[in-house]
Amino acid sequence: MELKAIHARLKERFAEAVGEWPEPEAGDGWIEVQPDSLRPVAEFLRQDPALAFDYLRLVTGVDRVDWMEAVYHLHSYAHDHQAILKVKLDRADPAVASLADLWPAADWHERETFDLLGIRFDGHPNLRRILLPEDWQGHPLRKDYKQPDEYHGISNW
Amino acid sequence: MSPATTPTLRQDSLKTDELLVNMGPQHPSTHGVLRLVVRTDGEIVRETWPHIGYLHRCFEKIAESVTYAQSVPYTDRMDYLASMNDGVALCLAYEHLGKIEVPPRAQWLRVIACELNRIASHLMAFGTYGLDIGAMTPFFYGFREREALLSIFEKMSGGRLLYHYARIGGVCRDMDSDIEHDIRKFIVQFKTAFEEYNELLSWNAIFINRTANVGVIPPDKAIAWGLTGPCLRASGVNYDLRKRRPYSAYEDFEFNVILGEGFRGTLGDCYDRYYVRMLEMMESLRIVEQALDGLPEGDFQAKLPKILRLPKGEAYFAAENPRGELGFYVVSDGKPNAYRVRARGPSFCNLSITHEVARDCLVADVIAIIGSIDIVLGEVDR
Amino acid sequence: MAQTTDLPVTPQQMIIDAVKDPKERRRYLHFLDQIKSEGLSSSVAVVPLDAAINWARESSIWPMTFGLACCAIEMMAVGACKFDIDRFGAGAFRATPRQADLMIVAGTVVYKMAPRVKRLYEQMSEPRFVMAMGACTVGGGPYYKFGYHVVKGVDKIIPVDIYVPGCPPRPEALLDALFRLQEKIDVQRNLKIRYFTD
């Protein structure tokens, strides 16, 4: 199924929770989902036999300065099609439900997104920093991040 | 003692306790700076927690700060054993977003470079896996062929390990008859060497005992945990990006996808993952032979503006690396540098299954499992 | 590279410098004539103890396997058959810092790894040497400007003896660094430092 057809199928099932088709000029399209309905949509994508998304490729985030986005790339081995979900989150306190119990692969990806961007995943079994040290200040991939001058006495310049 | 059953302890009058052992970031068998915290009950491992981040080199932030062309060499350092493949993957992501046409000769040159690098990477996996298990000889034999390959890469690109060969729109240099002659000589040399490797390790009874029935990953678990590449195919799932979503002229070549089948033990054990890599080396050799025979004429790089700007939008592109699916999610807003680049390293996802698989086994089995997943920490931490 | 040492160049000069008492001096100089007259010049060497210790140390520098990133692969290539660091005595890579002389920091050091690097350096016993291999350890390398998590040069954490530039340095460059380290060891004054003799 093309991504546009998957979008249509989701739109007829979850009317307001799914946004409009974005009509991208270049690159891929995406399916925008409201943050509160991410879990029902994800469960439907996983269990519906015509969609059957069993492989979560990646979970990431993009800092859009005015808002924060969480992006999910899914793939189905049975039908060999893929889906891209996007969730718009509040920039001041970005939080969304965790998908770690639906797809175990999400575990580390969500930890990394929390580490580098600060998006909180509610319901994650072990939401800690994964790449940076535990006592690192700040979330580096945010657009307003300043490099620290020193870390534990080691100068950064 | 058969490793298929959980080893049991002898009842003694001594009081025993569980111990948290730290296989720290500096360890001879962890393929780089990986930290494993292991909860052991004597020699039996109850649980393993991998800790990563000891090589986090900020690739994603750097890709936002430098131009598109300048961000490509940083991918070499991500999976430093398959440097050609990394560069090709990022260039393809940019080309996919910018709808840039790559000339056919450049595509075929990329295929030759990627497949030769696949052989080099699998040779390294073979050699270091032998070292982990305790066999020192395969390492030296593997490096003999690897040095031949590295001389070829040096002629192609100028570097021995990190090449920056793939550029946006093509490759950096053309290939001449001197390099072709070297590659053909290597192909002949490799065919005999492959028999030697099998005799050293693949048919070695000790090696089979150490790796068969160890670290079994069933196919549904492999899919759920996001495994890709030889680890996934060794569990029986038939998915190779070169066949399913062909890129860079891979549809013109004839090769088989190697699947695990429980060669010496169960489907999806360490031996399967190892042997799938060995057979993949021969398939890569076939592709290189076909590519040399049919290399088209033409440019080796497309004409691009001096300051490349990609259109506003986003794209995801994945290539089949020796370790799995290396994907790049690129978001652009029309400027000369990217807005966001997310690198989906295959080793990052493959390593996450360690917590599930390395439990109720021996300490030596943990080493065998990590070695068979074949991680490169540069890709895990980026 | 010329040797910057003021050690005497002939055994006779050594004995004249070291022994002040004229009678003892004549006795030792007589030893040298005896060695020559019995035809043992090719099997008996008279060297300052410093030089003997230095020669032993530089011919068996055992590195510690401290490969962090891409440079580790070139370090492995140096240990493999084509470049073979073992013929210079430095082929016994030890995993434990207690048994190692040389710490080849091969690869990028990041802030998360920095305390471990320092701890391992402190666990090595003296005489110990550090080789900063690769551009990342020399001064941050390609991550110099935008790498927030990269230590800009390993000499911010531990003292370094030899810097090897390159990304990654060729195995021949690593061997050359080993030779320069051997020259550095050549001019060590062990006894004067340790025991304060004159």
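Two residues are in contact if their C-beta atoms, placed from the backbone, lie within 7 Å. Hello everyone, that is the one rule to hold on to while we look at this structure together. With it in hand, take chain B: among its contacts with a separation of 6 or more, 72% are between residues 24 or more positions apart.

Before going on, a word on where this comes from. This is a predicted model, in which local features need pLDDT of at least 70 and side-chain atom pairs count only at pLDDT 80 or more, while totals for chains, interfaces and linings use all residues. Residues are numbered from 1 along each chain as its sequence is written, with chains lettered from A and ligands numbered from 1 in the order in which they are written.

Let's stay with chain B. Its secondary structure comes to 15 helices and 9 strands; these are DSSP runs, numbered from the N terminus, with helices being H or I of at least four residues and strands E of at least two. Taken along the principal axes, the C-alpha atoms of chain B fill a box of roughly 80 × 45 × 35 Å. How does the radius of gyration of chain B agree with that of a compact globule? For 382 residues the globule would come out near 21 Å, and chain B has 21 Å, so the two agree. That radius is taken over C-alpha atoms, and the globule rule is 2.2 Å times the number of residues to the power 0.38.

Of those 382 residues in chain B, 57% are buried, where buried means 20 or more other C-beta atoms within 10 Å of a residue's own, C-beta atoms being placed from the backbone. Now the largest nonpolar core: 217 residues, with Ala93(B), Val330(B), Val105(C) and Met133(C) among those with the most contacts inside it. Helix α4 (residues 104-133) of chain B gives this core its largest share, 16 residues. A nonpolar core here is a set of buried Ala, Val, Leu, Ile, Met, Phe, Trp, Tyr and Cys residues joined through C-beta atoms within 7 Å. If you look at Ala93(B) and skip neighbours within four places in sequence, you will find Ala315(B), Phe317(B), Phe328(B) and Val330(B) in contact with it.

On to the interfaces. Chain B puts 26 residues in contact with 28 residues of chain C. On the chain B side, α5(B) gives the most, with 4 residues. That side divides into 14 nonpolar, 6 polar and 6 charged residues, counting Ala, Val, Leu, Ile, Met, Phe, Trp, Tyr, Cys and Pro as nonpolar, Asp, Glu, Lys and Arg as charged, and the others, Gly among them, as polar. Between chains C and A, each chain brings 9 residues to the contact, and the chain C side has 5 nonpolar, 1 polar and 3 charged.

Finally, chain A. Which order do the strands of its open sheet take? The order is β1-β4-β3-β2, with mixed pairing, and strands pair if DSSP finds at least two bridges between them. β1 and β2 (55-63) of chain A are at the edges with a single partner strand each, so one side of each has no neighbour in the sheet.

β1 (residues 31-33) and β4 (residues 81-90) of chain A run parallel, joined by 3 bridges; there, Val33(A) has Val87(A) as its bridge partner. β3 (residues 67-76) of chain A pairs with β4(A) in the antiparallel sense over 10 bridges, including Glu69(A) with Lys88(A). These two strands form a hairpin with 4 residues between them, and Asp80(A) in the turn has a positive phi of about 55°.

Notes:
A residue is buried if 20 or more other C-beta atoms lie within 10 Å of its own, exposed if 12 or fewer, and partly exposed in between; C-beta atoms are placed from the backbone.
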